[in-house]
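User: Hello! Could you walk me through this model, one question at a time?
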Amino acid sequence: VLKTLVAAYVERAAPVASQTLAQRITTPLSSATIRSALAELEAEGLVEKAHASSGRVPTPLGLQTFIDQLLEPRDLGPE
């Protein structure tokens with residue numbers, strides 16, 4: 001969920017809603033399951049709400065976790 005949230009956040013530069021995540025995650029999860037996962041990520045300090053009715057955004061700790069643990073390195077081309 002965190003990996004998909006960070007990717008969507010980087011693409012849009014806007015808070016990400018659970019419905020957006022449900023559409024992007026390859027494993028079929030309900031919106032309720034995604035909201036529960038987001039609540040856990042928020043409790044761990046990895047995501048936060050920009051304001052009460054918005055989607056979630058990654059925190060600096062969430063972005064660092066994404067880079068350290070979830071980002072899949074690729075070989076650089078000759079350019």
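Analyst: Happy to. Helices (H or I, at least four residues) and strands (E, at least two) are DSSP runs, numbered from the N terminus. This is a predicted model, in which local features need pLDDT of at least 70, side-chain atom pairs count only at pLDDT 80 or more, and totals for chains, interfaces and linings use all residues. Residues are numbered from 1 along each chain as its sequence is written, and side-chain values use heavy atoms, with hydrogens and water left out.

User: Thanks! In which helix is Pro60 found?
Analyst: Let's start with the layout: the protein has four helices and two strands. From the N terminus on, their order is α-α-α-β-β-α. Pro60 has its place in helix α4.

User: Is Pro60 buried or exposed?
Analyst: Relative accessible area decides this: buried means under 20%, exposed over 50%, and partly exposed in between, with a 1.4 Å probe and protein chains only. Between C-alpha atoms, Pro60 lies 7.6 Å from Leu46, at 14 residues apart in sequence. Because its relative accessibility is 70%, Pro60 counts as exposed.

User: Which residues of α4 are buried, and on which side of the helix?
Analyst: Pro60 and Asp68 are exposed on the other side of α4, and what covers the buried residues of this helix includes α1. The buried residues in α4 are Gly62, Thr65 and Phe66. They cover an arc of only 105° around the axis (taken from the directions from the helix axis to the C-beta atoms), so they are on the same side of α4.

User: What do the buried residues of α1 pack against?
Analyst: Helix α1 spans residues 2-12, and its buried residues are Leu2, Thr4, Leu5, Val6 and Ala8. After α1 comes Ala13, with a positive phi near 55°. For packing, contact means heavy atoms within 4.5 Å. The partners of the buried α1 residues are α2 (18-24), α3 (31-43), β1 (47-49), β2 (56-58) and α4 (60-70).

User: Leaving aside neighbours within four places in sequence, what is Leu38 in contact with?
Analyst: Leu38 is one of the residues with the most contacts inside the core. Leaving aside neighbours within four places in sequence, its contacts are Val1, Leu5, Ser18, Leu21, Val47 and Arg56.

User: Is Ser18 buried or exposed?
Analyst: Ser18 sits in helix α2. Beyond neighbours within four places in sequence, it is in contact with Ser31, Ile34, Arg35 and Leu38. Because its relative accessibility is 15%, Ser18 counts as buried.

User: Last one: what share of the residues is buried?
Analyst: For the overall dimensions, the C-alpha atoms fill a box of roughly 45 × 25 × 20 Å, taken along the principal axes. Among contacts between residues at least 6 apart in sequence, 39% join residues at least 24 apart. Of the 79 residues in the protein, the buried share is 30%.

Technical notes: Core = buried A, V, L, I, M, F, W, Y, C linked by side-chain atoms within 4.5 Å.
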